[in-house]
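The structure under study is shown below.

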Amino acid sequence: MVKRMTLKQFVFIIPLLVFIGVFSFYPIITSFMYSLFDYRNNDQSYNGFFISEQFNGSLFQEDCKYVNYFLDADKMLMDEADQAEISAVQEDVTAMMEKYADITDTEKISDSQMTEIKEFNRDIRERIMAVYDSDKYAGVEFYNAENMPAILDNLDSTIVTSNFVGLTNYINLAKDGRFWADVGHTLLFTVVSVFFEFILGLCLALIMNQSIRGIGAIRTMGLIPWAIPTAVSAMMWKYMYDGDFGVVAHIFNKLGLIDTQASMLMTPDGAMASAIIADIWKTTPYMALLLLAGLQVIDSGLYEAASIDGSGKVGTFFRITLPLMKPSIMVALLFRTLDSFRVFDLLTILTGGGPGNGTETLSIYSNKLIFSQSNYGYGSAVVIGMFVCVAIIAFIYMKVLGADVISDKTA
Amino acid sequence: MKKKTAFDWACLVFIILFLFITVFPFLWIVITSFKTDADIHGAATYALLSAHPTIENYIAVIFDKGVLNAIKNSLIIAALTTVYVTITASMSAYIIARFRFKGRTLLVVIILGVSMFPQMILIGPIFNMFYQLGWLNSYMITLPYGCITLPSAVWIMMTHFRQVPASLEEAAKMDGCSPWKTLWKIIFPIAAPGIFASAILTFISAWNEYLLSLTLNSDVSWMSVPVRIASLQNEYTIYWGQITAAAALVTIPTLIIVLLFQKQIVSGIASGGVKE
């Protein structure tokens with residue numbers, strides 16, 4: 001039974017809408033905006049979103065102060081004519097400081113003001129450097145011979161040019177070998193781990209579906225790896241894979257699976273295999289429970305009928321169990337694929353993306369760009385690229401599955 | 001009694017192997033946590049029992065490394081998240097399960113979509129937002145946890161609410177119950193197992209969350225359990241004894257939750273996955 005919703009009921013879903021809006025939609029839109037700018041948190045000229053040229057008032061004041069201060073120190077070493085010239089420059093600088101004293105932020109100013117500041121910058125640079133570079137002072141060591149050009153360069157940067165780059169980040173992304181290599185690593189990790197989790201999980205589900213004594217205990221055991229934090233299990237495995245003290249690496253080495261104990265985490269292939277094994281260990285029981293739920297809704301009468309018809313266990317499995325489980329298999333695979341695709345905790349702790357970026361996934365790459373290099377713009381482009389991949393994967397599953405996964409049961 | 005076939009034996013071997021592989025890492029972690037550094041790095045690396053069992057590692061982890069504080073942080077954050085997510089999700093799930101409205105299918109698609117897209121897309125803007133609001137290193141982190149846990153909570157509850165007979169609600173309405181009262185007095189008690197299952201899963205995913213916690217609460221005194229344990233390896237030498245002790249320690253709460261609530265967890269996972 002379905003009723004029409006009235007305003008009274010709408011109130012009930014407002015909190016959910018607000019949450020999705022603030023903590024999902026807003027960040028997605030903002031990330032997309034970041035990706036259109038050369039936005040970097042660690043650089044004053046890129047630390048915002050400037051569609052047009054802007055003027056950084058506080059930096060201007062600061063730089064002018066330094067110019068005058070440097071000039072004060074070096075004036076003593078000059079002859080009288082130059083001293084007068086430098087004093088004139090200083091007066092001009094002070095006049096400009098006063099004129100623009102009320103602009104304390106990075107903001108838009110009129111074109112004529114922009115031109116005035118640019119001309120002022122060029123003018124004082126010429127006049128100051130004419131004195132500093134003059135042959136007269138070849139033997140004189142000015143205190144600020146090196147600081148002066150630097151502060152003048154800095155003064156130029158008070159005119160903030162637009163950091164809107166349009167689709168440039170995406171064009172660079174398409175040409176970025178590291179991005180495509182990471183897409184490869186992510187897909188490899190996803191496909192291999194989900195494949196094994198599915199096969200092993202299905203076996204486990206089929207066994208758990210039989211009424212054997214002690215099955216409850218087995219189920220409980222299986223829940224523990226799934227329920228502990230991935231970060232903690234990653235640390236556990238990191239210890240067991242250790243090149244010197246790791247018991248799993250030691251056993252694999254003794255079995256002849258790897259050349260040396262260190263090759264588990266110290267080679268790209270070994271590290272990828274390590275991560276996949278750790279993921280299979282953690283997630284197979286979860287997969288089994290998802291599939292078990294699908295198994296249990298199959299009408300047991302069908303099995304009896306098949307048994308009467310003389311169908312063997314294998315035949316029954318392929319003709320009845322598997323086709324009837326298809327919807328839950330697809331849902332489980334979809335959940336797990338998208339979950340694996342965004343893998344972060346496990347790999348960042350186990351390998352840090354190494355060795356030699358050999359296990360770097362898209363999540364790790366974007367996280368490095370955004371938080372280690374403060375390069376929000378490009379990092380966000382990587383994230384959006386990842387988003388597109390996820391959308392494609394989801395789309396393929398939906399096609400295979402039919403739109404049915406999200407349809408209403410009650411409608 | 002039926003004679004065991006080869007197939008049954010294969011199943012048995014599979015189960016035994018599965019149990020061994022599942023349990024072995026925990027066993028090994030516990031074994032290592034009672035070894036001294038000399039044992040771990042020396043001849044006794046692979047010994048099953050330490051010649052000199054010690055609880056030094058546990059003492060170091062509890063008193064010097066602030067793991068207890070991290071457990072406290074995680075408990076508070078996970079509990080707060082569970083409370084508000086369960087309330088919000090149950091209200092929405094009730095409406096979505098029971099009422100027809102424009103954009104309902106769209107809302108379901110969005111909820112499903114939100115649970116699937118990469119969380120990395122949220123982290124830059126949310127970090128900037130928290131930085132500007134001065135919310136870094138605070139319990140405010142529970143708010144963005146909602147975007148991770150809400151969708152699956154709504155999903156699980158929807159499944160359970162649909163199983164509540166609509167006639168009960170009709171009767172309640174006849175008796176003059178408001179929607180609030182209907183939800184609290186009629187639906188809640190009947191759907192309680194489902195709500196409880198979803199609450200347990202919410203708690204577990206909040207307890208396990210790593211990315212947001214790493215980014216937003218990076219101060220040692222605010223770190224959650226996963227972040228604190230992972231950060232133990234960033235020091236110059238890796239003290240495996242301490243790390244394994246910490247891992248063993250934080251597995252205990254999870255173990256308790258799993259043992260107490262396994263039925264609810266299994267039903268929660270199942271209702272997330274079944275498509276009838």
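**Entry 1: helices 8 and 12 of chain A**

I looked up the packing of helix 8 and helix 12 of chain A and found an angle of about 125 degrees, with the axes 7 Å apart. The model is a predicted one, in which local features need pLDDT of at least 70, side-chain atom pairs count only at pLDDT 80 or more, and totals for chains, interfaces and linings use all residues. Residues are numbered from 1 along each chain as its sequence is written, chains are lettered from A and ligands numbered from 1 in the order in which they are written, and side-chain values use heavy atoms, with hydrogens and water left out.

I take helices (H or I, at least four residues) and strands (E, at least two) as DSSP runs, numbered from the N terminus. Axes are lines fitted to C-alpha atoms, for helices over the stretch in contact, and angles run from 0 to 180 degrees between N-to-C directions. Angles under 35 degrees count as roughly parallel, over 145 as roughly antiparallel, 65 to 115 as roughly perpendicular and the rest as oblique. Helix 8 and helix 12 of chain A are therefore oblique to each other.

Their crossing is left-handed; the term applies if the near helix is turned anticlockwise from the far one by less than a right angle, and right-handed applies if clockwise. For contact I require heavy atoms within 4.5 Å. On the helix 8 side I noted Arg219(A), Gly222(A), Leu223(A), Pro225(A), Trp226(A) and Ala227(A), which meet Trp281(A), Lys282(A), Pro285(A), Tyr286(A) and Leu289(A) of helix 12. By class, this contact has eight nonpolar residues, one polar and two charged. Here Ala, Val, Leu, Ile, Met, Phe, Trp, Tyr, Cys and Pro count as nonpolar, Asp, Glu, Lys and Arg as charged, and the others, Gly among them, as polar.

**Entry 2: helices 7 and 9 of chain B**

Helix 7 of chain B contributes residues including Tyr145(B), Ala153(B) and Phe161(B), and helix 9 of chain B contributes residues including Ile187(B), Gly194(B) and Ala206(B). The contact of helix 7 with helix 9 of chain B holds ten nonpolar, six polar and no charged residues.

**Entry 3: a helix pair between chains**

I then checked helix 16 (residues 362-372) of chain A against helix 6 (residues 120-133) of chain B; the angle is about 15 degrees, with the axes 10 Å apart. Helix 16 of chain A and helix 6 of chain B are therefore roughly parallel to each other. Their crossing is right-handed. Ser363(A), Ser366(A), Asn367(A) and Phe371(A) make the contact with Met120(B), Ile123(B), Gly124(B) and Phe127(B).

**Entry 4: pockets**

The search used a 1 Å grid over the protein atoms alone: a cavity is a set of points where a 1.4 Å probe fits but cannot get out, a pocket is an open set with protein on both sides within 12 Å along at least five of seven lines, and lining residues have an atom within 4 Å of a point. Grid points are joined across faces, edges and corners, and a volume is the space filled by probe spheres set on the points.

The largest pocket holds about 1,300 Å³ of space. It is lined by 37 residues, of which Leu206(A), Gln210(A), Lys313(A), Phe7(B) and Cys11(B) are the closest to its centre. Helix 1 of chain B gives the most to this lining, with nine residues. I sorted the lining of the largest pocket into 21 nonpolar, nine polar and seven charged residues.

The second largest pocket holds about 540 Å³. Among its 20 lining residues, Ile277(A), Trp281(A), Leu17(B), Ile21(B) and Thr22(B) are the closest to the centre. Helix 1 of chain B again gives the most, with eight residues. The lining of the second largest pocket has 18 nonpolar, two polar and no charged residues.
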